[in-house]
Amino acid sequence: MLFFPKKFIYWFSEITIKDIPKVGGKNASLGEMYQKLTTQGVHVPNGFAISAGAYFYLLKKTGIRRRIRKILADLNTADLNNLISKGLAIRQLILEAPLPADLETQIISAYHKLEAEYGKHLDVAVRSSATAEDLPNASFAGQQETFLNIRGDKDLLVACRKCFASLFTNRAISYRHDKGFDHFKVGLSIGVQKMVRADLASSGVMFTIDTETGFRNLILINGSWGLGENIVQGKVTPDEFYVFKPTLEQGFSPIISKKLGSKEIKMVYTNRGEKQTKNIKTTKTEQQRFVLTDKEILKLAEWGILIEDHYGKPMDIEWAKDGRTKKLFIVQARPETVVAMKSTQVLEEYQLEKKGKILVSGSPVGAKIGAGKANIILDVKKINQFKAGEILVTDMTDPDWEPIMKIGAGIVTNQGGRTCHAAIVSRELGIPCIVGTAMATKKIKSGQSITLSCTEGEIGYVYDGILPYKIKKTNLKKIKRPKTKIMLNIGQPDIAFSSSFIPNDGVGLAREEFIIANQIKVHPLALINFHQLKDKKAKKKISELTLGYKNKPQYFVDKLAEGIGQIAAAFYPKEVIFRLSDFKTNEYANLIGGWEFEPKEANPMLGWRGAARYYSPNYQAAFLLECKAFLQARQIMGLKNINVMVPFCRTVEEGKKVIAIMEKAGLKRGQDGLEFYVMCEIPSNVILGEEFAEIFDGFSIGSNDLTQLALGVDRDSELVSHIYDERNESVKKLIAQVIKIAKKKNRKIGICGQAPSDFPDFARFLVKQGIDTISLNPDTVIKTTLAILEEEKKLRK
C-alpha cells in the first residue's frame with residue numbers, strides 16, 4: 001500500500017541530487033545547484049518542486065491508476081497506431097481528473113510565496129521532471145512537456161495537469177518501453193521556477209564535452225535570440241562557440257571557435273491568451289550579430305567547468321540571459337549521457353570507398369555513414385508511413401518523432417544545429433544525421449536511394465545513390481608506443497579533435513592553408529586594401545564574409561587564430577608545430593580578391609613562395625597578420641604548445657630576415673618556450689645544415705619538395721612522374737646527412753613529408769638513421785607505428 005506524504009512542495013533550498021526519487025532528475029539538479037553553486041557565483045533562479053508523490057497521490061485519489069494499467073495491457077510500440085491511441089487515451093484520462101484539493105492548495109500557496117520574493121503576477125516556467133530522468137545511462141530529455149510564461153493560479157494548475165499527463169506522451173511511453181522502465185515505477189515531479197526574460201535577450205545549450213568526438217577539454221555553447229525551446233526543437237540554426245577548458249582555468253580567454261548561426265526566428269511572450277509564447281521573425285541585424293559577447297561566452301564556460309567539477313562528469317546545461325537585468329542564468333543541468341559513455345580505446349573509422357553526386361550538405365552528427373531509401377515526412381501525424389531501414393528526411397524533429405527515429409538508417413533535416421533534438425537523439429541511437437541542410441525536403445525525393453556521409457570534416461554530405469563504404473576498428477590498447485616519437489600531420493581544424501584519440505606525440509606539421517582557403521577564403525592583402533579594391537564582386541563577397549568587422553584585416557587574424565587554436569587545443573599540452581603559410585602565387589590568386597596582388601609565374605613551385613614572401617615589401621603587411629594570429633593563439637588563448645616553422649627557406653640570410661620580422665611582431669624565440677623550426681626541403685638546407693642550425697631550434701624534413709629538387713623533377717608533371725621517388729638513393733643520402741648534422745648540433749630533427757605515410761619501409765629507414773620524430777597522416781599512423789616498432793626491435797637486437 002502506498003503512503004502519501006502531506007508535504008508535496010519542496011523548495012530548491014530543501015533538495016539535492018540525492019532526492020531524484022522524490023523530485024526527479026531535473027528538479028534534484030536545480031536544488032543541488034541552487035544550494036551548492038550559487039555561493040560560487042553561478043546564477044540559478046529560485047523555485048520549488050511539486051513532488052513525484054503528488055503524481056502518485058493524484059492517480060490513487062482519482063482512481064485512474066487501474067484504468068491506465070488496463071489501457072496499457074496490450075501495448076505494442078512497434079504498431080504506431082496502437083501507441084498513438086493508447087497515449088491519447090491515458091493523457092485524456094489525467095487531464096480530466098481533478099487535482100485533489102489539498103494538493104491544489106499547497107501549489108497555489110507556494111506560488112504566492114514565490115510572488116512575494118519576485119513580485120506580483122509572476123511569470124514562471126513549469127517543467128516536468130521524471131524520477132527516471134537524467135540518469136547517467138539514460139537520457140529522458142524532452143520526453144515530457146515544459147510550459148513557459150505561466151502566470152496566475154488558474155494557468156499554473158492547468159500547466160501542472162498537462163505536465164502530469166505528459167508522462168504518457170507517445171514518445172515517453174515508447175522510450176520507457178524500449179529502455180525497460182516500468183511505467184508505474186516512474187513518477188513525475190514538476191518544477192516551478194522564476195522565468196528568465198530570455199524573450200528580451202537570448203538563451204541556449206552548453207555541453208562540457210565535444211558532442212561529436214567526445215573530446216573532454218572543450219565547452220560547446222549554442223545560442224539564439226529569445227526563449228530556448230527553438231534550439232532544442234531544431235527550429236533555428238544557432239550561433240556556436242567553443243571554449244578550451246585547460247587554459248580558461250589558467251586565466252586566459254580561449255574562445256577557439258565562433259560561428260554565426262542564421263537564427264531566423266525567436267520565441268517571445270504573447271499578450272495573454274491561450275498560448276503563452278509565439279515565434280516571430282528576427283531582424284537582419286539580429287541575424288548578423290552574435291547572441292553573446294566574448295565576456296559572456298567565457299563566463300558561461302567558467303560556470304560550465306564549475307558545474308562539471310561539482311558533478312564529476314560531463315554535463316548538458318541550459319542557460320538563459322535576462323533582457324531586463326542583462327544577467328546570465330543556468331536553468332537546467334543534466335549528465336551528458338551519450339558521448340561520455342563511448343570508449344576511447346577502440347578507434348572506429350567509417351570510410352567512403354567512392355563519392356557520388358552531392359544532393360545537399362549540412363552539419364554532420366556522429367562520424368558515421370548510412371544509406372537507404374529517403375522518406376520525406378513533414379507532418380508528425382504521418383509518421384506511421386515510415387518503414388524500418390529508411391532515412392527520415394524532414395524539416396525538423398521534436399520528441400514526438402522518436403518512435404520512428406529509432407528504426408531509421410539516418411536522419412536529414414532542413415533546420416537545426418548540432419545540439420537540436422534530431423542531433424541529440426541520433427547520437428544516442430548511433431545513426432548518422434545531417435542537420436541544417438536548408439533544402440533537403442526539396443532536393444531529395446521520397447523513395448530515392450541516398451547515402452549520408454558524416455566522415456568528411458565539418459560538412460556532412462547527402463549523396464545520390466547507395467555508395468559503398470567500409471568500417472575499420474582498431475583496439476588502441478593493444479598498440480605499444482615506439483621510442484621514435486609519432487606525430488601527426490593536420491590541416492583541417494575540424495578533424496583535430498577526433499584525430500587526438502589516435503596514439504600520438506603531438507603534431508609535427510600543422511598546415512595553415514586549409515584554414516585560409518576554406519574558412520577565411522580572402523586574400524590578406526585584399527582585406528588590408530579593401531577600400532582600394534577594383535573587383536566589385538570580390539568586394540561584395542568580402543563584405544558578406546566579414547559582417548560585423550569594421551577592421552577588415554582583423555577578420556583574417558581572428559579566423560586564423562581560431563583555426564590555429566582548435567588544432568593546438570586538440571593536442572594540448574603536446575607540441576604542435578605550425579608551418580607558416582606556403583601557398584604558391586597561383587593558389588594565392590585563387591583566394592577572393594587575390595588576382596589584384598599576385599604576379600603570374602611560369603613555375604610557381606619554384607617562385608615567390610615561403611620565406612621569400614614574408615620579408616618582401618609586397619607581402620610583409622600580410623605576413624604580419626599571420627604573426628598577430630599566432631600571438632593571439634599563444635598569448636590570449638594561452639596555447640603555449642604552439643611552435644612555428646618557416647617553409648621554403650632558400651638561404652640562411654632569408655631565415656635571419658624572417659626571424660627578425662617575427663620577433664619585431666612579438667613572436668620572440670625562447671619566450672614562453674617558443675621555438676622556431678625550418679623546413680628542410682631544399683638541398684641548400686642540407687648543404688648549409690650547420691649554419692641553419694645556428695638560427696633555428698630544429699628541422700622538419702619535407703620529403704616531397706626535397707625529392708623534387710634533388711632529382712630535378714616537377715612533381716606536378718605526369719611526364720616525369722615515374723622518376724619521382726622519395727626512396728631514391730640521392731634523397732636518402734641527403735636525409736641521412738641532415739639527421740647527422742642535427743644530432744651534432746643538438747637540434748631536433750623530424751620528418752613531415754608524405755613518404756613515411758606511404759611507405760612503411762621508408763619509415764624503417766628513418767628509424768635506422770636515428771630520427772627524433774616521424775609525422776604521419778592520421779589514417780596511416782597505426783600501420784606505420786607497427787612498422788617502426790618492428791624496426792626498433794631489430795635495432796635493439
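**Salt bridges in a predicted model**

Glu14 and Lys7 form a salt bridge, with their closest N and O atoms 3.3 Å apart. The model is predicted. In total, the structure holds 34 salt bridges. Side chains of opposite charge can pair when their charged atoms come close. A few of these pairs are set out below.

**The Glu14 and Lys7 pair**
- Glu14 is partly exposed, at 40% relative accessible area.
- Lys7 also counts as partly exposed, because its relative accessibility of 35% falls between the 20% and 50% cut-offs.

**The Asp74 and Lys86 pair**
- Asp74 forms a salt bridge with Lys86, and the closest N and O atoms lie 2.6 Å apart.
- This pair links distant parts of the chain, 12 residues apart.
- Asp74 sits in the loop between helix H3 (65-72) and helix H4 (80-96), while Lys86 belongs to helix H4 itself.
- Lys86 is buried, because its relative accessible area is 12%, and buried means under 20%.

**The Lys640 and Asp672 pair**
- A salt bridge joins Lys640 to Asp672, with 3.4 Å between the closest N and O atoms.
- Lys640 lies in the loop between helix H22 (620-636) and strand S26 (642-646).
- Asp672 lies in the loop between helix H23 (652-664) and strand S27 (676-680).
- The pair therefore ties together parts that are 32 residues apart in sequence.
- Lys640 is partly exposed, with a relative accessible area of 28%.
- Asp672 is partly exposed too, at 47% relative accessibility.

**A network**
- Salt bridges link Asp316, Glu318 and Arg334 in a network.

Note on methods:
Residues are numbered from 1 along each chain as its sequence is written. This is a predicted model: local features need pLDDT of at least 70, side-chain atom pairs count only at pLDDT 80 or more; totals for chains, interfaces and linings use all residues. Side-chain values use heavy atoms; hydrogens and water are left out. A salt bridge is a side-chain nitrogen of Lys or Arg within 4 Å of a carboxyl oxygen of Asp or Glu. Buried means under 20% relative accessible area, exposed over 50%, partly exposed in between (1.4 Å probe, protein chains only). Helices (H or I, at least four residues) and strands (E, at least two) are DSSP runs, numbered from the N terminus.
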